[in-house]
Every structure is written in C-alpha cells, then in structure tokens.
Amino acid sequence: QESFWVEAEKAFAEGNESILPNELKKFVADKNQGAFALWAHPDDSARAEDLFAAAGKWLKSRPDTICVGYALHAQGITYTGNFLMQRLLQVLNKQNKALSKGKKAEDHIKALRNDHKDKKVVVLIQHFHTALFSPQHVSGWVNFLFDNNIMLVAVGHHYEHFNTFFNAQYS
C-alpha cells in the first residue's frame, strides 16, 4: 500500500506551481475549512494531471499545511469515504498514538485534528468525478471534513451535481 502513496508524491515532485490559479492560493491562505474545485475538460486529462501535480507540490511546500493527496480509481476502494478516513487517520497520527479499537476512524480523526490546530489540513483528490454515484463516494464526507476544519481541493470533470459540494471553483 505504501507504493500507492509514493506515486502521488512522485506526481507532486513534477508539479509546476506557476499554473495554479491565484483563486486557489487565496482560498487556502484565507480559510481553514471549505472545498475548492479545479475543473478540467474531460478531453484534457493532461491539464487535470498537471493541476493535481501543481496543487500537490504547492500544498506540500507550505509549512503551515498538512496535505493528504491521492487519485481516485474506478477499480478498488480509493473512491470510498472509508479509504479517505483511513488515510487521514494515518497522516494525522504520525506520533503513532495508541488508538481505541472500539472507536470509528472519524472519531479518532476528530481528536487527532485537535493535535494539529496550528496547521491547515487539506485533502487533495484527483479524478473526483470517478465513481461519483457510488453511495460510498468520498463526496459523502464533505460535511465531515468541513466540520473538522479539513479543507478539500478536488481536481476533476465538472458535473452540475458537484455545485453543492464546493464553496469556490476554477475551470
């Protein structure tokens, strides 16, 4: 599983921050919660890949920010909220605190988020449109992220259905 995360880090290393819109930079700088979408045309997957890499590189370079970034895939479990919760738990628990086996991941995330109050936590997701209508899709966790001061930056194809999830967007 660790190689999965290495792939995202490799993509970030190749990012060109100059292509990022100032709207995203201002959004992240000014807020502690909310969701921002970077839309790419379905025929321009290279642009989407570039935006994801650039956003990841920029977010990772910010000393006041913890970035959890990855791409959703139609096969497997990456598009599920449970996958996202497990990754957030792993990233926020860098000190390997003992966690109660009887609690859900989201309960632990709430507590661990308090340990990182001095930092912004941003979830960066590539291919947000993937498996959109699955009842387990990560979009079902947007309110949880907001309530816990965890920002969402999504890269993907725009569909009207997404308008309810995002506070700001760029296409």
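The model is predicted, and I read every value below as computed from it. I found Ala 98 in the loop between helix 4 (81–92) and helix 5 (105–114). I also looked up its separation from Gln 136: the two are 38 residues apart in sequence, and their C-alpha atoms are 27 Å apart in space.

I traced an open sheet of 5 strands, in the order 2-3-4-1-5, with parallel pairing. Strand 2 (65–71) and strand 5 (168–170) are the edge strands, and each pairs on one side only. From one strand to the next I noted an average twist of 15 degrees.

I then went to strand 2. Strand 2 runs parallel to strand 3 (residues 120–126), and 7 bridges join them. In this pair, Ala 71 stands opposite Gln 126 of strand 3.

How many of the 7 residues of strand 2 are buried? I got 7 of the 7, so strand 2 is largely enclosed by the rest of the structure. I listed them by side: Thr 65, Cys 67, Gly 69 and Ala 71 are buried on one face, and Ile 66, Val 68 and Tyr 70 are buried on the other, so that both faces are covered. The cut-off behind "buried" is under 20% relative accessible area.

Next entry, helices on the sheet. Returning to the pairing of strand 2 with strand 3, which has 7 bridges, I looked up what packs on the sheet. Helix 2 (residues 22–30) does, touching strand 1 (35–39), strand 3, strand 4 (150–156) and strand 5. I noted about 165 degrees between the direction of helix 2 and that of strand 1. Helix 3 (residues 45–61) packs on the sheet too, and I listed its contacts as strand 1, strand 2, strand 3, strand 4 and strand 5. The direction of helix 3 makes about 165 degrees with that of strand 3.

Last entry, the helix pair. At what angle do helix 2 and helix 3 pack? I read about 35 degrees, with the axes 12 Å apart. Their crossing is right-handed. On the helix 2 side I listed Leu 24, Lys 25 and Val 28, which meet Ala 55, Trp 58 and Leu 59 of helix 3. Sorted by class, this contact has 5 nonpolar residues, 1 charged residue and no polar ones.

Notes. Residues numbered from 1 in each chain as written. Predicted model: local features only at pLDDT ≥ 70, side-chain atom pairs only at ≥ 80, totals over all residues. Heavy atoms only, no water. Pairing = 2+ DSSP bridges. Helix = DSSP H or I, 4+ residues; strand = E, 2+ residues; numbered from the N terminus. Axes fitted to C-alpha atoms, helices over the stretch in contact; angles between N-to-C directions. Contact = heavy atoms within 4.5 Å. Left-handed = near helix turned anticlockwise from the far one by under 90°. Nonpolar A, V, L, I, M, F, W, Y, C, P; charged D, E, K, R; others polar. Buried < 20%, exposed > 50% of the residue type's maximum accessible area, 1.4 Å probe, protein only.
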